[in-house]
Amino acid sequence: MALAVVEPMETSHEEPDIFVPPSPIVTTPCDPWPRPYYLEDGLRKVHPYHYTYNTYCKQRWRGREILDIFATEFRDRPLDYYKEAVECGKVVVNGKKVASVQHKVVNGDIISHTLHRHEPPVTAQSIGIVHEDNDMIVINKPAGVPVHPAGRYNYNSIVEIMRAERGYNWNPLPCNRLDRLTSGVMFIGKHAKAAAKLTDQIMGRTVKKEYIARVIGEFPAEDVICDQPVMQISPKLGLNRARASGKDAKTIFKRLAYYPPPVKPTNGAQPAEPPADTRTDREKERDSHMSWKSKEGYSIVRCLPLTGRTHQLRVHLQFLGHPISNDPIYCNQRVFGPTLAAGDALSDNDSEIISKLSKMGKSEVAQAMAYHDEMIEEYNKRKAEKMTGEKCGVCETPLYSDPGPHELGIYLHAKRYACQDGRWGYETGLPVWALPPLGAEGPTETTGETDPMALVDGVGNLELGEGVCDGDGVSEHLKQSGPLLVMPG
């Protein structure tokens with residue numbers, strides 16, 4: 001066997017490149033488990049974490065510049081942040097950095113945004129279980145917690161909190177949706193078949209829904225139907241208004257209780273004379289337009305929506321002049337002016353409303369303002385979520401303070417859902433804010449005498465264009481059921 005001589009291989013003796021350590025902040029997207037929750041001061045909080053949003057180009061985005069989309073569709077960060085994010089590659093299209101902020105997206109594009117995510121706190125109140133079987137969980141959703149991850153919320157959502165409680169691979173399937181600020185009955189499917197079945201019933205309007213609201217003033221004792229159309233004014237802010245050109249909407253209202261303001265004790269002495277009116281003529285003229293100022297006390301109202309428009313109950317109650325008393329949008333004098341938009345379906349001040357509302361929670365505190373003057377100063381001092389002026393040491397994001405208790409929800413509760421043919425129904429008790437105040441008498445539960453569902457069949461026929469109606473749009477069935485006020489669209 002012959003042997004071959006092999007020349008030795010040359011080896012490089014050059015010094016290796018100096019190793020450059022990675023950035024101490026790694027921006028790789030992640031899905032931490034267990035979820036980074038912690039409880040503090042009655043709030044469920046989430047430690048900041050890195051996260052990547054991925055979304056397909058929406059139809060309304062086609063042909064628009066990437067920076068314009070972020071500037072108009074998202075509210076979480078200022079414009080300068082989004083400009084820098086596009087330029088440095090935190091925002092990419094189809095996985096690649098774009099040439100400039102003028103890059104236009106097209107159908108089929110996937111837009112990705114990686115950021116250091118700061119979630120707002122939500123209440124630490126647990127999710128109540130009303131009923132559970134092999135197919136479905138009926139929950140009592142706490143106020144202030146969004147159903148799905150959206151906007152500034154991800155892990156602080158009903159879906160993710162339930163997943164954290166039941167296991168990473170468990171997939172909750174919500175069948176109905178409540179506004180973040182609203183509490184009450186929700187259906188969570190355990191599997192796709194059960195979720196689809198109930199969702200079809202809800203979408204097919206074969207499910208009756210009842211809500212409880214606490215509104216300013218003495219709501220009419222008669223049954224009230226409001227069929228004012230509702231229009232979305234700003235998708236970015238979630239603002240809707242009563243508009244004749246909006247989508248059809250109809251709600252039945254029935255008062256459960258009225259609680260006048262408490263009378264201050266006099267310790268046996270004769271009631272003091274009312275204080276002299278020291279207002280100037282200008283102040284009297286101003287106050288004459290503030291109709292809510294004469295609406296003392298509050299009412300508990302049962303509400304049955306026959307349609308499902310966004311913010312329908314809140315908008316209809318505002319239109320009727322009895323907005324939900326702690327609604328930071330529709331009961332906000334700073335946004336809607338001294339009349340709180342009662343009976344207003346024609347004004348053309350939407351741009352002004354949007355501008356005022358966009359400041360809420362940033363430079364100003366978001367709050368309901370339907371209070372008498374002597375209460376406003378005290379209310380302003382209450383803790384509320386707004387920008388603190390501080391920034392995150394990792395991402396330079398402006399930081400918010402914790403929300404106050406009055407911001408974790410509004411006085412609107414989904415109390416009951418029932419199948420139209422009576423096969424099933426689920427309900428909760430009255431929320432604490434709907435019970436009689438200390439020292440007052442009033443209902444502690446709903447009763448048949450105040451049940452607005454008795455009117456649903458007739459009004460449902462009216463909505464579908466069936467039955468005989470007279471000139472005021474009220475069916476004969478309704479006319480025979482008792483006193484009724486109709487608020488036309």
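How many aromatic pairs does the structure hold? The structure holds 16 aromatic pairs, where rings of Phe, Tyr and Trp (its six-membered ring) pair if their centres lie within 6.5 Å. This is a predicted model, in which local features need pLDDT of at least 70 and side-chain atom pairs count only at pLDDT 80 or more, while totals for chains, interfaces and linings use all residues. Residues are numbered from 1 along each chain as its sequence is written, and side-chain values use heavy atoms, with hydrogens and water left out.

**Aromatic rings and charges**

- Y49 and Y155 form a tilted pair, with 4.8 Å centre to centre and 35 degrees between the planes; planes under 30 degrees apart count as stacked, over 60 as edge-to-face and the rest as tilted.
- The pair links distant parts of the chain, 106 residues apart: Y49 lies in strand 3 (residues 49-56), and Y155 lies in the loop between strand 8 (136-141) and helix 3 (158-166).
- Helices (H or I, at least four residues) and strands (E, at least two) are DSSP runs, numbered from the N terminus.
- Y49 counts as buried because its relative accessibility is 6%, and Y155 counts as buried at 2%; buried means under 20% relative accessible area, exposed over 50% and partly exposed in between (1.4 Å probe, protein chains only).
- One aromatic cluster is formed by W61, F70, F74, Y81 and Y82.
- The charged end of K58 sits over the ring of W61, 5.5 Å from its centre, and that of R214 sits over the ring of Y298, 3.8 Å from its centre.
- A charge sits over a ring if NZ of Lys or CZ of Arg is within 6 Å of the ring centre and within 35 degrees of the ring normal.

**Surroundings of R35**

- R35 is found in the segment before strand 1 (37-40) and counts as buried because its relative accessibility is 8%.
- The side chain of R35 reaches the backbone oxygen of P32 at 2.8 Å, and a polar contact of 3.0 Å joins the side chains of R35 and E160.
- A polar contact is a pair of N or O atoms within 3.5 Å; within protein, one must be able to donate a hydrogen and the other to accept it, and residues adjacent in sequence count only if both atoms are side-chain atoms.
- Leaving aside neighbours within four places in sequence, R35 is in contact (heavy atoms within 4.5 Å) with Y155, E160, R163, A164 and Y168.

**Backbone geometry**

- Most residues other than glycine have a negative phi, and most peptide bonds are trans.
- A cis peptide bond, with omega about 0 degrees, joins W33 and P34; P34 is placed in the segment before strand 1.
- D41, which is not a glycine, has a positive phi of about 55 degrees and lies in the loop between strand 1 and strand 2 (43-46).
- D41 counts as exposed because its relative accessibility is 66%.
- A341 has a positive phi near 60 degrees, lies in the loop between helix 7 (333-336) and helix 8 (350-359), and is buried, with a relative accessible area of 6%.

- An open sheet of 3 strands has the order 1-2-6, with antiparallel pairing; its edge strands, strand 1 and strand 6 (122-123), each pair on one side only.
- Two strands pair if DSSP finds at least two bridges between them.
- Strand 17 (residues 387-391) and strand 18 (residues 398-400) pair in the antiparallel sense over 2 bridges, and M387 has Y400 in strand 18 as its bridge partner.
- Strand 17 is hardly covered, with 0 buried residues among its 5 residues.
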